[in-house]
Amino acid sequence: MASASDSQWRDIRQFTDRGSKFAHPAFEPGQANMESVHKCKILVVGAGGLGCEILKNLALSGFKHIEVIDMDTIDLSNLNRQFLFREKDVGNSKAETAAAFIESRVDGCKVVSHNCKIQEKGAYFYRSFSIIICGLDSIVARRWLNDMLCSLVQYDESGELDTSTIIPLIDGGTEGFKGNARVIYPHFSPCVDCTLDLYPPQINFPLCTIAHTPRLPEHCVEYTKVILWEKEKPFGDDALDGDNPDHVQWAFEKAAARAKEYDIRGVDIRLTQGVLKRIIPAVASTNAVIAASCALEALKLASNISCPLNNYLNFSDIEGIHFSVVTLEKEPGCLVCSRDTRSIEVPEGATLSYFIDKLKDEFQLRNPSVQSSQNILFMLNSLMPDLEPVSKGNLGKTLNDLGLSNGDEVIVADESLNKPITLQMKFV
């Protein structure tokens, strides 16, 4: 369309000049709209099933400056739904392979790949994009990226939001026959942490159940993973790797033996690997629908062709096809995009161990570190092994014993956060 003649543009305009309730108020049909799409620099985070679909859609929609970042390599099991990969690509970088495939099929489209963790890129990297699309299955990575984009937003001297520093984040997610897409304007609309309840925490089986009264085949596999691996150390000090065939085979045999002991059926290699890797079932058709929604929102933002999504789309294909759009609202005390200090209530006399568990439950943190204004209270970090004995020794002490009083502030850091957060203690 960028090279269309004047007469062709007149033919096209007869359709786009018509009034439409979907048209953006600032939209004016013309060649400039497509040029803005061509020039838009866009980042796709994740090159799995959803990411492959998003990359293809963006390239075919006219985006010519695309970058993709993914830390994973291609596994044989990916080939049934991650259609940019072939059997010869197994073991290669997902980002690099996907980028090369798109460039070979779509003339004029430049795709730059980054085979690394998103945490390895700094603010300068993310600030260089006009739009970022997230196609991940990790809540931790989503939250980190959301935190990064929120940290890039600036305010002027009067405290007004500088909208020119906002980089829109389009987030897509799928699980089986369900999916969602949302458009996030950091500090302006609800961010990922504002609506953390929409992302359920990772499923963990109670230890007492898997150890004493297993009822499901998953319980047998989890017993092998949590208890037997550390107890028997079949491969020395190696950590259990769900992608290692020898590790998976050992876990399957042990889980099958335990299942037979408790007369439980259903343990097989596929289930074993699924539990070991916490695999979420993926359906190619769901990925296609959500990826199309994400690419469409990017096209709207880049061209102003129509009003963007406001702001959460839900899709279900379980009993017929269902679409709905919900307008989510910002959380006033959000840890990430609120400018106010968040308070946390804890019982008078609570131990540090209780406080750590409350942080994990209330804010869905993985391995929080806690520091007061004077001391590091808790930190388990392989890079700082000297602090581990001190940290574990503090767990049984009360917050008062550790020098904290009602109204004091603590600094909390976690792998899911781009930067530490400050919480004010309120004893109740």
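Let's start with helix 6, which covers residues 139-151. Helices here are DSSP runs of H or I with at least four residues, strands are runs of E with at least two, and both are numbered from the N terminus. The expected span is 1.5 Å times one less than the number of residues. This is a predicted model, in which local features need pLDDT of at least 70 and side-chain atom pairs count only at pLDDT 80 or more, while totals for chains, interfaces and linings use all residues. Residues are numbered from 1 along each chain as its sequence is written, and side-chain values use heavy atoms, with hydrogens and water left out.

Because 11 of its 13 residues are buried, helix 6 is largely enclosed by the rest of the structure. Buried means under 20% relative accessible area, exposed means over 50%, and partly exposed is in between (1.4 Å probe, protein chains only). Among the buried residues are Arg142, Arg143, Trp144 and Asp147. What do the buried residues of helix 6 pack against? Their partners include strand 1 (41-45), helix 5 (123-127), strand 5 (169-175) and helix 12 (352-363).

## Salt bridges

The model has 10 salt bridges, each one a side-chain nitrogen of Lys or Arg within 4 Å of a carboxyl oxygen of Asp or Glu.

Other salt bridges have partly exposed partners. Glu103 pairs with Lys110, their closest N and O atoms being 3.8 Å apart; Glu103 is partly exposed at 29%, as is Lys110 at 48%. Lys233 and Glu230 form another bridge at 3.5 Å, N to O, and Lys233 is partly exposed at 38%. Through shared partners, salt bridges join Glu230, Lys233 and Asp237 into one network.

## A buried aspartate without a bridge

Asp414 sits in the loop between strand 12 (409-413) and strand 13 (421-427). Asp414 is buried but has no salt bridge, and Arg143, its nearest side chain of opposite charge, is 5.6 Å away. For charge, Lys and Arg count as positive and Asp and Glu as negative, with His and the chain ends not counted. Beyond its neighbours within four places in sequence, Asp414 is in contact (heavy atoms within 4.5 Å) with Leu365, Arg366, Asn367 and Pro368.

## Aromatic rings

There are seven aromatic pairs. Rings of Phe, Tyr and Trp (its six-membered ring) pair if their centres lie within 6.5 Å; planes under 30 degrees apart are stacked, over 60 edge-to-face and the rest tilted. Phe125 and Tyr126 are edge-to-face because their planes are at 80 degrees, with ring centres 5.0 Å apart. Phe125 is buried at 13% and Tyr126 is buried at 0%. Phe125, Tyr126, Phe129 and Trp144 form one aromatic cluster.

A charge counts as over a ring if NZ of Lys or CZ of Arg is within 6 Å of the ring centre and within 35 degrees of the ring normal. Lys41 has its charged end 4.9 Å from the ring centre of Phe129, and Lys121 has its charged end 5.1 Å from that of Phe125.
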